Amino acid sequence: MKILFATSEAHPLIKTGGLADVSGSLPDAYYHLKHKVRMVLPAYGDVWEKVSDVKQLSELSIGACGRKLHVRIHAASAEGIDIPIWLVDIPELFHRPGNPYLALDGKDWWDNGERFAVFSKVVAEIAMNRAGLKWQPDLVQSNDWQTGLVPALLTLESVRPKTVFTIHNMAYAGLFPKSLFEGLELPWKWWEPDRGIEFYNNMSMLKAGIQMADRVTTVSPSYAKEITFPEYAYGLEGVLIRRLDEGHLIGILNGIDQDLWNPKTDPFIDHHYSADKGRVVAKKRNKKEMLDFWDLPKSVIDSDDPVVGLVGRLVPQKGIDLVLDVLPELIEQTNARFIMVGTGDSLFEYHLTELAHQYPQRVMIYIGYSESLAHKVEAGADLFLMPSRFEPCGLNQLYSLAYGTPPIVHSTGGLSDTVVNATKENLVAGKATGFVFYDPSRHALKSTILHALHLFSKKRTWQKLQKNGMQQDFSWTRSAKQYLALFKAIV
Ligand code: ADP
Ligand code: GLC
């Protein structure tokens with residue numbers, strides 16, 4: 001099968017979160033299962049430094065918002081990605097530094113609607129083999145609102161590849177004013193809420209993908225069910241229920257890239273280990289190195305006190321408010337230390353910074369994005385905290401399972417599909433891998449952390465828990481096979 005994979009971020013080229021991890025691995029997994037795959041991505045300013053073998057393949061022109069944009073398509077390769085990458089080069093829209101969606105003031109680029117609508121138009125031209133690339137895919141997989149218009153645009157063609165739209169997060173709807181809809185010259189029949197892309201007098205690019213793709217997938221079975229309820233669907237539950245009733249909404253769990261996230265080989269950590277070999281000693285040494293980053297006194301660095309780590313986008317989704325709420329009490333009542341690495345809402349950044357000042361040597365933070373620290377925390381922390389209010393899949397809990405760092409999670413979406421709670425029964429049955437709380441409240445979070453810290457002091461039970469987690473199979477091959485079975489059924 002020939003598969004075109006359209007995405008707005010891909011590790012190691014450009015990353016804001018888990019979508020980049022997925023895009024950096026899933027298309028490669030299709031390729032290793034003997035399919036022909038191309039990835040298409042906007043040529044953002046920072047991407048140029050990360051690619052090699054760049055070669056212009058074609059040029060075309062795309063009309064939008066009253067102007068014609070000149071588009072160049074380049075082939076490129078990147079370390080860690082085995083398939084050809086096609087970069088869509090439109091300098092007016094994408095030659096900007098830093099975050100792919102945000103300007104330097106931390107706010108969305110004013111023209112994000114135009115940027116990703118034009119990108120989607122180019123992807124549709126590539127999918128129809130009209131972009132001068134001499135390649136006709138059988139199927140196009142597009143991801144999140146940024147490429148939501150791709151399946152919609154393809155419905156306008158009489159003969160076309162099949163489309164699969166993957167939802168990574170319902171919280172970002174890609175909402176833009178009617179003026180953009182007009183500027184893009186989209187068909188007026190789409191300007192209605194039931195079968196079209198109108199959403200309360202705006203256009204929704206997320207809705208476009210959900211309404212018009214041949215199949216809709218999301219990144220865990222539990223999230224596929226959750227998003228048919230209003231709490232998780234932000235007003236799109238009606239459309240999602242319809243797609244579910246048609247049998248066209250499917251949840252497929254993400255995997256992890258074992259070349260990148262593997263305690264046996266991870267280049268960001270100095271002491272490698274596995275479920276069977278060296279785990280206890282190596283984790284202790286990795287813990288010291290992680291703590292060393294914060295320039296702490298030797299007594300702290302050498303201490304055996306538990307360290308709870310958190311890495312993630314500092315946004316309401318991740319339950320940061322709950323963490324802020326329980327931290328002072330936990331610091332007073334336990335000997336645990338907390339390490340938090342993240343960037344996001346300035347209010348969360350401010351409150352975490354305050355806590356770090358208030359409790360030096362107990363709360364250590366890094367506000368910013370650091371690939372290296374993210375790996376060091378997975379390997380060096382004793383416990384990993386992920387109290388997300390909702391979580392479509394979540395990758396960090398999978399990484400922490402693989403690194404023998406039992407996660408503490410709220411039972412939602414992919415977190416409930418991947419972490420088995422350390423109840424007495426599950427521990428006895430050898431199934432427990434982490435700690436799960438069922439109500440997103442400060443009380444539930446606090447008592448679960450206290451339970452985890454208690455179990456941490458029981459060394460044999462703890463080591464069994466770590467080992468169970470490390471032995472789980474979350475390979476991308478497993479997920480890719482499920483996607484391919486779906487693709488084959490529709491192509
Ligand atoms: P989401 O996609 O909602 O952000 P995931 O758990 O699926 O959540 O994926 C998050 C990815 O982004 C992980 O690879 C994680 O390590 C990474 N990440 C998030 N914040 C940071 C940060 N501040 N520094 C380094 N990596 C980060
Ligand atoms: C989103 C979700 C996260 C998921 C990731 C990759 O950003 O928030 O749960 O793991 O996409 O699918």
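## A tour of two ligand sites

Select ligand 2 and show what surrounds it: 14 residues, the closest being His168, Asn254, Glu391, Cys393 and Gly394. A residue counts as near a molecule if one of its heavy atoms lies within 4 Å of it. This is a predicted model, where local features need pLDDT of at least 70, side-chain atom pairs count only at pLDDT 80 or more, and totals for chains, interfaces and linings use all residues. Residues are numbered from 1 along each chain as its sequence is written, chains are lettered from A and ligands numbered from 1 in the order in which they are written, and side-chain values use heavy atoms, with hydrogens and water left out.

**Stop 1**

Next, pick out the polar contacts (pairs of N or O atoms within 3.5 Å).

- Gly394: a polar backbone atom sits 2.8 Å from an oxygen atom of ligand 2.
- Gln317: a polar side-chain atom is 3.0 Å from an oxygen atom of ligand 2.
- Asn169: a side-chain N or O atom is 3.3 Å from an oxygen atom of ligand 2.

Ligand 2 taken alone exposes 310 Å², and the protein buries 93% of that. These accessible areas come from the Shrake-Rupley method with a 1.4 Å probe.

**Stop 2: the shell around ligand 2**

Color by secondary structure. Helix H1, residues 18-32, gives the most to this shell, with three residues. Helices (H or I, at least four residues) and strands (E, at least two) are DSSP runs, numbered from the N terminus.

Then color by domain. Domain 1 (2-255 + 477-490) and domain 2 (279-472) each supply at least three residues to the shell around ligand 2. The domain bounds come from an automatic or database domain assignment.

**Stop 3: ligand 1**

Move to ligand 1. Which residues come nearest to ligand 1? Of the 20 around it, they are Gly18, Asp21, Arg313, Lys318 and Gly368.

Select Asp21: a side-chain N or O atom lies 2.7 Å from an oxygen atom of ligand 1. Arg313 also has a side-chain N or O atom 2.7 Å from an oxygen atom of ligand 1. At Ser370, look at the backbone: an N or O atom there is 3.0 Å from a nitrogen atom of ligand 1. On its own, ligand 1 has 560 Å² of accessible area, and the protein covers 94% of it.

**Stop 4**

S13 gives the most, with three residues.

Finish with the domain colors. Ligand 1 lies between domain 1 (2-255 + 477-490) and domain 2 (279-472), because both give residues to its shell.

Terms used: Polar contact = N/O pair within 3.5 Å; in protein donor to acceptor, adjacent residues only side chain to side chain.
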